[in-house]
Amino acid sequence: MGVTEAAQIPQQRGEQLLDNAVRYAEERHWDVFPGTWLEAVEGKQRCSCGDLGCPLPGAHASRPDWANQATGSANAARRLWSKQPTASILLPTGRTFDAIEVSESAGFLALARMERMDLPLGPVTCTPDRRMLFFVLPGAALKAPDLIRKLGWAPSSLDLIARGEGHYVAAPPTRIGGHGAVQWARRPTPANRWLPDADELISPLAYACAREAAAARVREG
């Protein structure tokens, strides 16, 4: 790969990915596993999976048995990223946390409401495709539909996805194609080591999603 081609890939230093993967395992006790990565081919960014139409270039599992590859060991994480320093950092959900995913606009609206209500917050990520993921205790994926129904909404009417066992999320500073990197809207800190339960956050999240859905209907009407 020539210098010109290499320059086409936005900065995602291997050591930064390795350091973050190790830190997630060591400090947060999160399981981590390396996913695909970005490669420069003829001056363009391509996913290492080889699919030219890849929907998540450089940010998805690279093998079907990814769940078995995930590790909570900092030493194992260091070995894995030493082999492929530019691999994305992926975190399995349903183990130490679940993730509630909403649109970025609904997420920021809910976040402001949560802060006004002084609700406990865990880490929150923003993705380049304008999604936000709120980290909560495991079990959210199973409970979310009933919690939403109790609030008076049909789960299918809201753009709210709870990710639990069998899913994973991309962690900062993973890049997704040429769109940018996953970032923290609320960083992991000692203060949010103890995650909130889905019951505590579902109301402001569902409310924000319902407002967004209503606004979309008005625009379409």
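Colleague: What share of the contacts in the protein with a separation of 6 or more comes from residues 24 or more positions apart?

Modeller: Their share is 79%, where a contact means heavy atoms within 4.5 Å. Do keep in mind that this is a predicted model, in which local features need pLDDT of at least 70 and side-chain atom pairs count only at pLDDT 80 or more, while totals for chains, interfaces and linings use all residues. Residues are numbered from 1 along each chain as its sequence is written, and side-chain values use heavy atoms, leaving out hydrogens and water.

Colleague: Why is Val32 called buried?

Modeller: Buried means under 20% relative accessible area, exposed means over 50%, and partly exposed lies in between (1.4 Å probe, protein chains only). Val32 has 0%, so Val32 counts as buried. Val32 sits in the loop between helix 2 (14–27) and strand 1 (33–34); helices (H or I, at least four residues) and strands (E, at least two) are DSSP runs, numbered from the N terminus. Beyond its neighbours within four places in sequence, Val32 has contacts that include Ala21, Tyr24, Trp81 and Leu91.

Colleague: Why is Thr93 called buried?

Modeller: Thr93 has a relative accessible area of 2%, so Thr93 is buried. Its place is the loop between strand 4 (89–92) and strand 5. A polar atom of the Thr93 side chain is 2.6 Å from the backbone oxygen of Gly164. A polar contact is a pair of N or O atoms within 3.5 Å; within protein, one must be able to donate a hydrogen and the other to accept it, and residues adjacent in sequence count only if both atoms are side-chain atoms.

Colleague: What puts the buried residues of helix 4 on the same side?

Modeller: In helix 4 (residues 74–83), the buried residues are Ala74, Ala76, Ala77, Leu80 and Trp81. They cover an arc of only 155° around the axis, which puts them on the same side of helix 4; the arc is that of the directions from the helix axis to the C-beta atoms. Asn75, Arg79 and Lys83 are exposed on the other side. At the start of helix 4, a side-chain oxygen of Ser73 comes within 3.3 Å of the backbone nitrogen of Asn75.

Colleague: How do you know whether the span of helix 5 agrees with what its 13 residues should give?

Modeller: The expected span is 1.5 Å times one less than the number of residues. For helix 5 (residues 104–116) that is 18 Å, and its end C-alpha atoms are 18 Å apart, so the span agrees. Its buried residues are Glu104, Ala106, Gly107, Ala110, Leu111 and Met114. They cover an arc of only 150°, which places them on the same side of helix 5. Their cover includes strand 5 (98–103) and helix 7 (198–220).
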